[in-house]
Amino acid sequence: MKKIEAIIKPFKLDEVREALSELGVSGLTVTEVKGFGRQKGHTELYRGAEYVVDFLPKIKVEVVISADLLDTAVEAIINAAHTGKIGDGKIFISTVEQVIRIRTGETNETAL
């Protein structure tokens, strides 16, 4: 099993969710996060004063899937989240050793 963590632009969330749903991904976790990469933030003007916005709002999507679905899920996320502009985000992939569904006690693939 693999865990995909995708940091994306907030307005791309619905497209990413729909793309994963089409693949049969049944559950995901979404978190509002703030951060920066190569963008390094930007400056804004408020009431005549200029200030730096270091941390930009992003969305973190986490999903655990079977290893055979990994490549298609990653492609779906890339295609849905891509704008071609700086700050599109990143995808992190890690291995999950075990999954347990608390309610039923099901483990691993059946718990997904």
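1. The structure under review is a predicted model, and the points below should be read with that in mind.

2. The sheet. An open sheet is formed by 4 strands in the order S2-S5-S1-S6, with antiparallel pairing. Its edge strands are S2 (residues 29-35) and S6 (residues 89-95), each of which pairs on one side only. Direction ignored, neighbouring strands of this sheet are turned by 20 degrees against each other on average.

3. Pairing of S1. Strand S1, residues 2-8, is joined to S6 by 7 bridges, and the two run antiparallel. Within S6, Thr 95 is the residue that stands opposite Lys 2. S1 also pairs with S5 in the antiparallel sense, over 7 bridges; here Ile 4 has Val 63 of S5 as its bridge partner.

4. Pairing and burial of S5. Strand S5 is joined to S2 as well, again by 7 bridges in the antiparallel sense. Gly 35 has its bridge partner in S5, namely Leu 56. S5 is mostly covered, since 7 of its 10 residues are buried.

5. The nonpolar core. The largest nonpolar core holds 18 residues; those that touch the most other members are Ile 4, Ile 8, Val 16, Leu 20, Ile 65 and Ile 77. Two or more residues are given to this core by each of S1, helix H1 (residues 13-22), S5 and H2. The greatest contribution comes from H2, with 7 residues. Leaving aside residues up to four places away in sequence, Leu 20 touches Val 25, Leu 28, Ala 73 and Ile 77.

6. The pocket. Rolling a probe the size of a water molecule over the atoms shows where empty space is left. The largest pocket has a volume of about 300 Å³. Its lining consists of 15 residues, and Phe 36, Gly 37, Arg 38, Gly 89 and Lys 90 are those nearest its centre.

Note on methods:
Residues numbered from 1 in each chain as written. Predicted model: local features only at pLDDT ≥ 70, side-chain atom pairs only at ≥ 80, totals over all residues. Heavy atoms only, no water. Pairing = 2+ DSSP bridges. Axes fitted to C-alpha atoms, helices over the stretch in contact; angles between N-to-C directions. Core = buried A, V, L, I, M, F, W, Y, C linked by side-chain atoms within 4.5 Å. Buried < 20%, exposed > 50% of the residue type's maximum accessible area, 1.4 Å probe, protein only. Contact = heavy atoms within 4.5 Å. 1 Å grid on protein atoms, 1.4 Å probe; cavity = no way out; pocket = protein on both sides within 12 Å on 5 of 7 lines; lining within 4 Å. Points joined across faces, edges and corners; volume = space filled by probe spheres on them.
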